[in-house]
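Open the model in your viewer and keep the selection panel handy.

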Amino acid sequence: MSDSARSSLPCVVLMNINGNGMGHMSTCLAYANRLRGRARPVFFSLASAIEIINDMGFEADYLVSRFWSRASSWAWDQQLSQRLGMMFERVRPQAVVFDGTWPYRGLLHAASAYGVPRLVWSNLTLYKKDMHEVPVREDNFDLVIKLGELSSSFSVERDSMPGRSVTIPPFTMLKDEDLLGRDAARDELGLNRDGRYVLFSLGPGNLKDISGIGRGLIDGMTQSGYTVVWARAPISSTDVPLPEGVIPLTQFPLLRVMRAFDVFVAAAGYNTCCEVLQSRVPTLFVPNTQVADDQTARAHLVAQAVPAVVSPCETPEQRANAVAHLLAIRTKVKTDAPTIDLHGAEHAADEILALINNG
Amino acid sequence: MTRRAEADSLRRRLRQLASEFDTGISQRYDLQFISPEELRLRRRLRRSAGRLLRRLGLMRPLPARPSPPVEPWLTELSYVDYGVAAKPLLIWAMGIDREELRGACDRIRELQIGSPGWAPVLVTDVADFAFFSRLNWLVEYVPSLSAPAEGYFENKLRYLAWRYREIPALPVTADIDEDTLLEDLLVE
């Protein structure tokens with residue numbers, strides 16, 4: 001597409017928070033991928049993996065997240081408001097999409113001060129029961145997109161604006177045809193086609209210290225005859241030291257090469273769970289309990305559809321049982337598994353474009 | 001270019017950029033200013049009622065409220081142990097390539113060992129966050145955006161020069177040898 005054609009498309013600013021890892025950025029990339037050619041997505045990212053956004057063909061700016069800055073909440077929101085305002089005045093968005101748990105005051109203020117035509121809130125639905133209600137009204141937004149879990153299909157909860165509310169089914173960043181098959185993925189990664197490999201993706205190491213659990217599970221899988229490949233997130237400030245024989249892998253998105261692996265060991269963030277549903281790699285979920293969303297509940301939902309084990313893996317006994325269970329079920333096919341709709345991002349993109357065209 | 005010349009050049013450049021920044025932007029998006037549209041209907045009605053009652057003398061005038069103190073923007077990161085109260089330091093790294101930037105950042109990191117107590121902020125137009133994430137520095141990124149937002153680059157550059165106008169700066173191309181102290185390289 002020529003530059004002039006691209007610049008004539010409606011601009012959509014996608015703002016992702018920086019949560020535990022890159023899940024929110026992945027959600028916005030999934031939306032942007034489906035908006036490609038129909039809108040001009042520009043990212044305002046609080047996740048620092050800007051080169052990843054650029055590599056996927058999108059422009060982006062960055063602000064350090066509130067979690068990473070020592071500035072007060074007010075001072076940080078002040079910065080957010082001013083910097084978003086500067087962006088809005090230049091890119092002139094037709095819509096701004098915020099993906100995150102709690103829409104920031106700085107965002108709402110900048111959107112109001114500039115006069116953003118359409119404001120969208122994208123958010124998870126499966127939070128822990130003890131999580132405090134977010135004190136932001138949905139009718140501050142023209143559209144609320146709720147990310148449904150495994151059994152969700154597209155539905156409209158409230159049709160009227162402001163505050164049109166829809167639930168979308170799960171989704172991933174990539175379409176099915178973008179995933180490499182087992183042999184092609186192994187060739188790309190330089191892995192032996194006949195070997196037995198397990199992929200570990202327990203998180204970026206910034207929030208939850210995973211070294212103890214990770215080390216125990218590495219030993220368990222290694223003793224079971226598997227070669228361990230450890231995914232390192234691009235935005236980790238420190239690396240978990242890896243034992244000898246463990247292969248480090250820095251790749252994003254992992255989904256593209258996931259079918260290279262016989263089994264997968266992972267936390268149960270929304271995007272990771274969706275990727276397991278799409279790739280169908282047997283998985284041991286080690287839910288992260290330090291985040292706002294209910295990863296344990298989500299992991300159990302996924303285990304209804306694909307071979308999966310859910311365990312906190314906090315003790316040697318739990319780890320041993322989890323590894324044994326995973327290896328026992330890995331070749332089993334769930335004949336009663338529900339049909340999974342993974343077109344949530346398509347629905348989200350259609351809703352955003354409908355809002356721009358009709359709102 | 002000698003170290004002195006580099007420092008002079010950076011000082012002039014930063015002052016020029018800061019002077020060109022349109023401070024109206026910071027005012028337009030200042031959180032202190034709450035537009036009437038942001039207030040809920042109920043609160044707007046209460047405010048209007050209060051104003052009317054005070055005008056009629058049926059309610060005491062509002063006491064003068066001091067402006068809330070301006071809370072500073074800090075260059076310190078929450079996950080870094082600075083040991084002591086760290087001072088902000090601007091590392092201006094515009095217009096150099098990735099490998100040169102990595103080398104310069106590594107040299108500055110080594111200097112920090114001998115000169116603790118700084119909380120650097122790196123201003124760069126290079127997206128190399130996988131490398132930056134291990135520096136433990138605040139990063140300010142200046143992207144080039146395509147039309148119609150071509151002016152964003154210069155605008156953000158001016159904003160950052162204005163935002164950090166009162167802190168010492170370090171030109172990243174500074175010639176650094178083993179015996180150099182960080183403090184000797186700074187531009188005030």
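A crossing of two helices is left-handed if the near helix is turned anticlockwise from the far one by less than a right angle, and right-handed if clockwise. This is a predicted model: local features need pLDDT of at least 70, side-chain atom pairs count only at pLDDT 80 or more, and totals for chains, interfaces and linings use all residues. Residues are numbered from 1 along each chain as its sequence is written, chains are lettered from A and ligands numbered from 1 in the order written, and side-chain values use heavy atoms, without hydrogens and water.

**First stop: two helices**

Select residues 73–91 and 105–114 of chain A. These are helices α4(A) and α5(A) (DSSP runs of H or I, at least four residues, numbered from the N terminus). Their crossing is right-handed. The axes come within 8 Å and cross at roughly 35° (lines fitted to C-alpha atoms over the stretch in contact, with angles from 0 to 180 degrees between N-to-C directions). Now show side chains.

**Next stop: between the chains**

Show both chains. The contact takes 50 residues from chain B and 49 residues from chain A. Pick Y29(B), L31(B) and W73(B): they supply 20% of the area that chain B buries against chain A, more than any other three residues (buried area is the accessible area, with a 1.4 Å probe, that two parts lose on being put together, summed over both).

**Last stop: a salt bridge**

Select E76(B) and R70(A). They form a salt bridge, with the closest N and O atoms 3.3 Å apart (a side-chain nitrogen of Lys or Arg within 4 Å of a carboxyl oxygen of Asp or Glu). Between chain B and chain A the count is four salt bridges.

Conventions: Contact means heavy atoms within 4.5 Å.
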